[in-house]
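Here's a walk through one model, written for someone who would rather look at contacts than read a methods section. Have the viewer open as you go.

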Amino acid sequence: MTASASIIVVGASWGGLAALSRLLGSLPDDFGVPVAVVQHRSKNADALLASLLQDVTGLRVVDVEDKEALEPRSVYIAPANYHMLVDWGHLTLTTDPLVRFSRPSIDVTFMSAADTYMTSTIGVVLTGANDDGSRGLRHIVNRGGRAVIQSPESAESRTMPEAARIAVPEADVLPLDEIAAHLTSMVSAAQAKPHVRAV
Amino acid sequence: MALQIAATPAASEGDGSTYDPDLERIEISLLLEGVYRHYGFDFRSYAFASIRRRLWKRIEAEGLATISELQAHILHDPPMMEKLLLDLSINVTAMFRDPSFYRAFREHVIPLLRTYPFIRLWHAGCATGEEVYSMAILLQEEGLYDRSRIYATDINEVVLRKAKEGIFPLDRMQEYTENYIAAGGKRAFSDYYVARYDGALFSPGLTKNVVFSLHNLVTDRSFAEFNVILCRNVMIYFDKALQGKVHGLFYESLAQFGILVLGSKESLRFSSCEDKYDQINGPEKIFRKAR
Ligand SMILES: C[S@@+](CC[C@H](N)C(=O)[O-])C[C@H]1O[C@@H](n2cnc3c(N)ncnc32)[C@H](O)[C@@H]1O
């Protein structure tokens with residue numbers, strides 16, 4: 001039984017740096033599930049985002065390269081100008097065309113996570129000024145995974161959380177400051193469960 | 001083995017209730033096996049998540065429901081195979097893509113190449129050739145083009161034909177000009193092409209030392225010894241085992257102290273070749289065969 005064989009995927013757009021800093025900064029340093037982050041940014045953006053986030057968390061922040069292995073206590077940042085797909089135990093990059101004007105696309109990452117980790121997937125949609133992520137979050141729930149949405153009131157830009165809430169009415173909607181604790185309890189509840197299911 | 005995080009059962013709506021990822025793996029591998037045995041195209045070791053995404057896009061476009069259904073169409077209907085081939089070949093490319101790479105190449109690789117009487121380069125997976133023309137321009141500006149030969153290969157005939165023509169979309173010249181300048185270009189970018197009604201035609205002189213040819217990295221062997229091999233954003237579409245095999249091919253094909261260039265988000269860390277190369281210049285993916 002390894003907690004690494006499950007995943008949390010996080011999508012953020014406008015206002016994402018501040019929101020991600022708050023969220024990742026509040027996760028415990030021994031957080032047992034890999035966290036894969038898609039933050040929209042310009043195609044020439046470099047590894048700055050990863051290093052800014054590394055400053056606020058004790059988790060290992062990785063600027064993803066192709067076939068990066070997924071490990072616990074780690075945060076994976078999708079590189080600018082590539083889509084990031086979740087595969088079993090690792091991440092794969094592609095230069096496929098933009099999806100709804102975005103590369104990386106949150107939907108693309110979320111869908112691949114759901115198709116791979118099924119019920120062991122948690123999707124988190126944060127602040128943003130478009131509707132990327134809502135289809136992917138719907139797909140995660142259709143596959144039996146869980147959905148968390150930053151409450152629009154606590155978001156710098158409420159469009160993305162609102163779109164996600166319409167697509168996934170059964171999602172847990174929480175203020176930014178409560179999301180880390182919620183994820184931590186979901187993950188530890190799963191670890192404590194006696195009837196852990198092998199996938 | 002995975003933990004089941006969800007307390008809720010799989011939602012019953014949509015496609016969720018019947019989806020079985022283990023069965024899907026079986027279906028995909030049967031489909032790829034069928035494609036290989038019937039048509040000869042070998043996608044069996046391409047990156048699974050990426051293949052899966054492309055197959056489902058095709059399934060949705062055709063109004064089908066499962067991979068197995070798509071398989072029947074592909075095996076019985078050659079035009080459907082044509083469509084799938086287009087789906088599976090991602091040919092996006094650009095001139096002087098990642099300008100910082102070209103700058104680093106000028107700065108750190110060109111001085112090494114100057115010491116050679118004759119230089120052989122291989123662009124593996126060159127797509128429509130934008131990279132090849134970029135390299136030819138760079139070599140020309142550094143005074144090395146006349147003693148260079150560039151082998152430009154791809155698995156896809158259609159893109160190779162375009163590469164030979166050397167006509168690229170006019171509406172991208174603005175972007176390419178910016179890339180060229182950022183890449184350390186020494187002239188005016190417009191010196192290299194003439195605008196025509198159907199696109200920007202690049203100077204034929206740029207391809208006088210280029211050989212375009214079909215080559216499949218999965219099945220074909222090494223065909224020469226090279227001083228430089230560039231393979232950018234091609235192996236990301238392969239799984240780890242196939243990447244390892246192709247790295248073996250490149251290693252074999254490189255001369256002593258030969259240079260290997262990968263895409264900006266590719267790494268030797270997940271291959272078994274890491275200790276055979278030294279990395280030249282930090283963030284750019286330029287490696288030198290060391291042993
Ligand atoms: C995304 S393009 C990369 C183009 C260019 N190297 C660049 O980085 O801009 C990938 C190319 O790899 C080619 N390719 C895919 N599989 C291949 C194989 N087995 N052997 C040779 N080329 C292959 C595709 O046809 C496509 O043109």
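Searching the whole structure turns up 23 aromatic pairs over all chains. To count as a pair, two rings of Phe, Tyr or Trp (its six-membered ring) need centres within 6.5 Å; planes under 30 degrees apart are called stacked, over 60 edge-to-face, and the rest tilted. Y151(B) and F223(B) make one edge-to-face pair, at 5.8 Å centre to centre with 65° between the planes. That pair ties together distant parts of the chain, 72 residues apart: Y151(B) is in strand β2 (residues 148-154) of chain B, and F223(B) is in the loop between β6 (210-214) and β7 (226-231) of chain B. Helices (H or I, at least four residues) and strands (E, at least two) are DSSP runs, numbered from the N terminus.

Y151(B) is buried at 17% relative accessible area, while F223(B) is partly exposed at 36%. Buried means under 20% relative accessible area, exposed means over 50%, and partly exposed is in between (1.4 Å probe, protein chains only).

Ring pairs also build a cluster in chain B, whose members include F96(B), F101(B), Y102(B), F168(B) and Y193(B).

A quick word on ground rules. This is a predicted model, where local features need pLDDT of at least 70, side-chain atom pairs count only at pLDDT 80 or more, and totals for chains, interfaces and linings use all residues. Residues are numbered from 1 along each chain as its sequence is written, chains are lettered from A and ligands numbered from 1 in the order in which they are written, and side-chain values use heavy atoms, with hydrogens and water left out.

Two charged side chains also sit over rings: R25(B) over the face of F48(B), 3.9 Å from the ring centre, and K276(B) over the face of Y251(B), 4.7 Å from the ring centre. The test here is NZ of Lys or CZ of Arg within 6 Å of the ring centre and within 35 degrees of the ring normal.

## The ligand

Where does the ligand lie? You'll find it between chains A and B. It has 21 residues around it, and Y46(B), N91(B), T93(B), R97(B) and D154(B) come nearest; a residue is near if one of its heavy atoms lies within 4 Å. By class, that shell has nine nonpolar, eight polar and four charged residues. In this scheme Ala, Val, Leu, Ile, Met, Phe, Trp, Tyr, Cys and Pro are nonpolar, Asp, Glu, Lys and Arg are charged, and the others, Gly among them, are polar.

Here are some of the N/O distances to the ligand.

| Protein side | Ligand atom | Distance |
|---|---|---|
| D154(B), side-chain N or O | oxygen | 2.6 Å |
| L217(B), backbone N or O | nitrogen | 2.9 Å |
| R232(B), backbone N or O | oxygen | 2.9 Å |

Taken alone, the ligand exposes 600 Å², and the protein buries 97% of that. Those areas come from the Shrake-Rupley method with a 1.4 Å probe; for residues, only the protein chains shown count as cover.

## Between the chains

Polar contacts are pairs of N or O atoms within 3.5 Å; within protein, one must be able to donate a hydrogen and the other to accept it, and residues adjacent in sequence count only if both atoms are side-chain atoms. The side chains of N233(B) and Y82(A) share one of 2.8 Å. N233(B) is in the loop between β7 and α9 (240-253) of chain B and is buried, at 7% relative accessible area.

R52(B) is in helix α2 (residues 48-61) of chain B. Its side chain reaches the backbone oxygen of D115(A) at 3.4 Å, and R52(B) counts as buried at 4% relative accessibility.

## Around chain A

T57(A) is in the loop between α2 (48-54) and β3 (60-63) of chain A, buried at 9% relative accessible area. A polar atom of the T57(A) side chain lies 2.9 Å from the backbone nitrogen of L59(A).

The R103(A) to P104(A) peptide bond is cis, with omega near 5°, and P104(A) is in the loop between β6 (90-94) and α3 (106-117) of chain A. R100(A), in the loop between β6 and α3 of chain A, has a positive phi of about 45° although it is not a glycine.
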